[in-house]
Amino acid sequence: IEAKGIAVGVRLEHPAEWIDQIQYHSKNGRGKYLPAAEYSFVTQVEGRGVYSFCMCPGGFIVPAASGPEQVVVNGMSPSNRGSRWSNSGMVVEIQPEDLLCGQWGMNNGQQATSSNDSRSSNSRLLQVMHFQEELERQCWLQGGMKQTAPAQRMADFTRKKLSYDLPESSYSPGLVSSPLHFWMPEFISKRLSQAFLQFGRMSHGFLTNEAVMIGVETRTSSPVRIVRDKETLQHITIRGLFPCGEGAGYAGGIVSAGVDGERCAEAVANYLNR
């Protein structure tokens with residue numbers, strides 16, 4: 001395996017009517033016949049991408065933890081796009097080299113102690129995963145050690161100001177006001193804040209305290225990759241093993257995972273028909 005980059009950040013939620021008004025350039029929003037509006041933002045801040053991910057118009061924010069002592073959030077939209085909110089992931093690109101110095105801005109407890117120790121080598125391979133897990137644990141702590149999620153109003157975040165109240169949200173376990181700007185690693189929070197200022201200039205009204213940031217969005221893709229041959233798509237040392245899709249580190253969403261699945265299915269068929 002090898003370490004690979006991921007993208008982490010928050011779920012950002014606006015009232016759906018607010019996004020409709022911005023995107024359709026009308027105070028009346030989408031009216032009776034238009035669909036719930038979508039958006040897509042991307043920029044570069046200090047050499048790393050910051051972008052919206054998995055935008056869910058007229059949708060909900062849902063808990064997505066897969067183990068104990070984790071708070072992870074994700075988004076979904078029902079087929080009618082009919083809820084009162086619209087949300088998307090707002091994430092910052094993280095590369096393995098960003099974590100080499102161990103300055104994560106949190107007590108990670110997973111740093112290698114010797115470059116000659118095989119355990120140190122394994123730790124380096126899994127360092128992005130360890131970082132991801134620690135960020136989810138910190139979010140759990142900030143959320144009150146249950147599935148209530150730490151949250152902060154969007155404009156307050158850019159001003160480094162605690163939100164003394166929070167707007168109504170689609171996230172059913174509930175929200176706890178928390179200074180995300182303070183406890184999230186600075187190389188994430190600083191880039192998010194600068195990107196929000198840019199997005200606010202690009203789309204008037206997008207940067208608002210009517211929007212709430214909910215932590216954390218960390219499952220955009222796998223933090224490790226199971227290495228495979230570029231031609232045969234088989235594992236480089238284990239014959240007949242075809243690493244595939246998101247879990248193996250070759251996709252970052254539903255569509256890309258489906259496409260990679262088709263490629264691997266064809267490769268398996270070729271392998272069996274030889």
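This report describes aromatic ring pairs and ring contacts with charged groups in a predicted model.

## Basis of the values

The model is predicted, with local features needing pLDDT of at least 70 and side-chain atom pairs counting only at pLDDT 80 or more, while totals for chains, interfaces and linings use all residues. Residues are numbered from 1 along each chain as its sequence is written, and side-chain values use heavy atoms, with hydrogens and water left out.

## Aromatic pairs

Seven aromatic pairs are present in the structure, where rings of Phe, Tyr and Trp (its six-membered ring) pair if their centres lie within 6.5 Å, and planes under 30 degrees apart count as stacked, over 60 as edge-to-face and the rest as tilted. One of them joins Y39 and F41, whose ring centres are 5.5 Å apart with planes at 45 degrees, so this pair is tilted.

The rings of F41 and F199 have centres 4.7 Å apart and planes at 25 degrees, so they are stacked. Because F41 lies in the loop between α1 (16-24) and β3 (42-45) and F199 in helix α6 (residues 186-202), the pair ties together parts that are 158 residues apart in sequence; helices (H or I, at least four residues) and strands (E, at least two) are DSSP runs, numbered from the N terminus. The relative accessibility of F41 is 7%, and that of F199, also buried, is 0%. Y39, F41, F199 and F206 form one aromatic cluster.

## Charges over Y250

The charged end of R225 sits over the ring of Y250 at 5.5 Å from its centre, and the charged end of R228 sits over the ring of Y250 at 3.7 Å from its centre. Such a contact requires NZ of Lys or CZ of Arg within 6 Å of the ring centre and within 35 degrees of the ring normal.

Key
Buried < 20%, exposed > 50% of the residue type's maximum accessible area, 1.4 Å probe, protein only.
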